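Please look over the structure shown below. The report then takes up a few of its local features in turn.

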Amino acid sequence: MAGRFAPRPTRTTVRGGHVPVPPAPAGIPRQAAGPGRGRTWVPDGPLDLGLVLGPLRRGPGDPTFHAAPDGAVWRASRTPAGPGTLRVSAHGGEVRGQAWGPGAEWLLERLPQLLGADDDPAAFAPRHRVVAMARHRRPGLRLTRTGLVLESLIPSVLEQKVTTVEAYRAWRLLVRKFGEPAPGPAPGRMYVMPEPRTWALIPSWEWHRAGVDNKRASTILRAVRVAARLEEAVGMEPALAQARLEVVPGVGPWTSAETVQRSHGAADAVTVGDLHLPGIIGWALAGNRDADDAVMLELLEPYAGQRHRAARLILLSGRVPPRRAPRMPVGDIGRL
């Protein structure tokens, strides 16, 4: 009976950072992933890989992210030590990480932080029934901390004021064309995103072919020119890190919040300026589908210090107001 009422993936829950990751099949040996460095870590509570790492996937075709049928999650990252591929799998009460490439040691050293070791779910106290129910159904939710700024900033810029379909397509095309194949036995066509200099050298017509307008492309170009200074923000408090990111013209509160939520595991970074989020939160907490940012922040005030976690739980609850208008049309300026 419990399976009948298990939460099912919807457009809203996917936006909340849920990636369906099948459990490791019982009685079947682990997938042979080839020789690589490894590490085992035991979390101090429930851990759901699909919930923790889900926000790092930029669409179902993301070339830097892969959820395998054997229950493992693969990520390709550009670390300070170089490109690296990480495979994470959970078996029983322990998590096993394997890594390849120059960035392997860096990825394994920060594996606990990536899986939410620095997060404190116990500090969160639900104030609304919908939030309490979502938390009860998602006990394995922890906030990831990648320790990498650009890998979250660039796709967030691509998502500015366009549909997710357009943004995901642009990320997929640019990474596959200008990135490099992920090291190690990565499944499928996995790639590591380009290094800052490569981003800076992408010709204007390639941005256009990927469907990226000049405003977003220019913002990315300005960001990669000061990549080292932006990566230093990892050592700052989230609010100070957001302030540093917003020094770059074209990076506003929406983009900086979306970045530090992933790079810092910022539990209180609220995404303001979003087209849909205020209405979803207003509907779930107060039945107000026309809520704006001010109303959203007022509704989230009881969760001060944990507002991002509260917003994610609301998204994961699947509570969304009925649609009143057609979906935003998907554009493709690359065909112009």
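The model is predicted. Gln160 sits in the loop that runs between helix 6 (150-158) and helix 7 (164-178). Its relative accessibility is 14%, under the 20% limit, so Gln160 counts as buried.

Two of these contacts have polar detail. The side chain of Gln160 makes a polar contact of 2.7 Å with the side chain of Thr255. A polar atom of the Gln160 side chain also lies 3.0 Å from the backbone oxygen of Gly250.

## The rest of the loop

Lys161 belongs to the loop between helix 6 and helix 7. Is Lys161 buried or exposed? Lys161 counts as exposed, because its relative accessibility is 81%, and the cut-off for exposed is over 50%. Its backbone also deserves a look. Phi of Lys161 is near 55°, a positive value in a residue that is not glycine.

Val162 is also placed in the loop between helix 6 and helix 7. Setting aside neighbours within four places in sequence, Val162 contacts Ala167 and Arg216. Val162 and Val330 are 168 residues apart along the chain, yet their C-alpha atoms are 8.1 Å apart in space.

## Helix 6

How many of the residues of helix 6 are buried? The count is nine of nine, and the helix is mostly covered. The buried residues of helix 6 run from Leu150, Glu151 and Ser152 through Leu153, Ile154 and Pro155 to Ser156, Val157 and Leu158. One of them, Glu151, returns below in a cavity lining.

## Aromatic pairs

The structure holds four aromatic pairs. In one, the ring centres of Phe124 and Tyr303 are 5.4 Å apart and the ring planes meet at 15°, so the pair is stacked. The cut-off for stacked is under 30 degrees. This pair links distant parts of the chain. Phe124 is in the loop between helix 4 (111-114) and helix 5 (129-137). Tyr303 is in the loop between helix 15 (293-300) and helix 16 (307-317). The two residues are 179 residues apart. Phe124 is buried, with a relative accessible area of 3%. Tyr303 is buried too, at 2%.

Trp199 and Trp207 also form a stacked pair, because their ring centres lie 6.0 Å apart and their planes are at 25°. Trp199 has a relative accessible area of 0% and is buried. Trp207 is buried at 3%. Which residues do ring pairs link into a cluster? They are Trp171, Trp199 and Trp207.

## The largest cavity

Two cavities of 30 Å³ or more are present in the structure. The largest cavity holds about 120 Å³ of space. Its lining has 14 residues, and the closest to the cavity centre are Leu56, Thr64, Arg75, Glu151 and Trp171. Trp171 also belongs to the ring cluster with Trp199 and Trp207. Glu151 is one of the buried residues of helix 6.

Which elements supply at least two residues each of this lining? Strand 3 (73-79) and helix 6 do. Strand 3 gives the largest share, four residues. By type, the lining of the largest cavity divides into six charged, five nonpolar and three polar residues.

## The second largest cavity

What is the volume of the second largest cavity? The value is about 50 Å³. Its lining is made up of Arg75, Ser77, Trp106, Leu107, Arg110, Leu114, Thr146 and Leu148. Strand 3 and helix 3 (104-109) are the elements that give two or more residues to this lining. By type, the lining of the second largest cavity divides into four nonpolar, two polar and two charged residues.

Key. Residues numbered from 1 in each chain as written. Predicted model: local features only at pLDDT ≥ 70, side-chain atom pairs only at ≥ 80, totals over all residues. Heavy atoms only, no water. Phe/Tyr/Trp six-rings, centres within 6.5 Å; stacked < 30°, edge-to-face > 60°. Buried < 20%, exposed > 50% of the residue type's maximum accessible area, 1.4 Å probe, protein only. Polar contact = N/O pair within 3.5 Å; in protein donor to acceptor, adjacent residues only side chain to side chain. 1 Å grid on protein atoms, 1.4 Å probe; cavity = no way out; pocket = protein on both sides within 12 Å on 5 of 7 lines; lining within 4 Å. Points joined across faces, edges and corners; volume = space filled by probe spheres on them. Nonpolar A, V, L, I, M, F, W, Y, C, P; charged D, E, K, R; others polar. Contact = heavy atoms within 4.5 Å.
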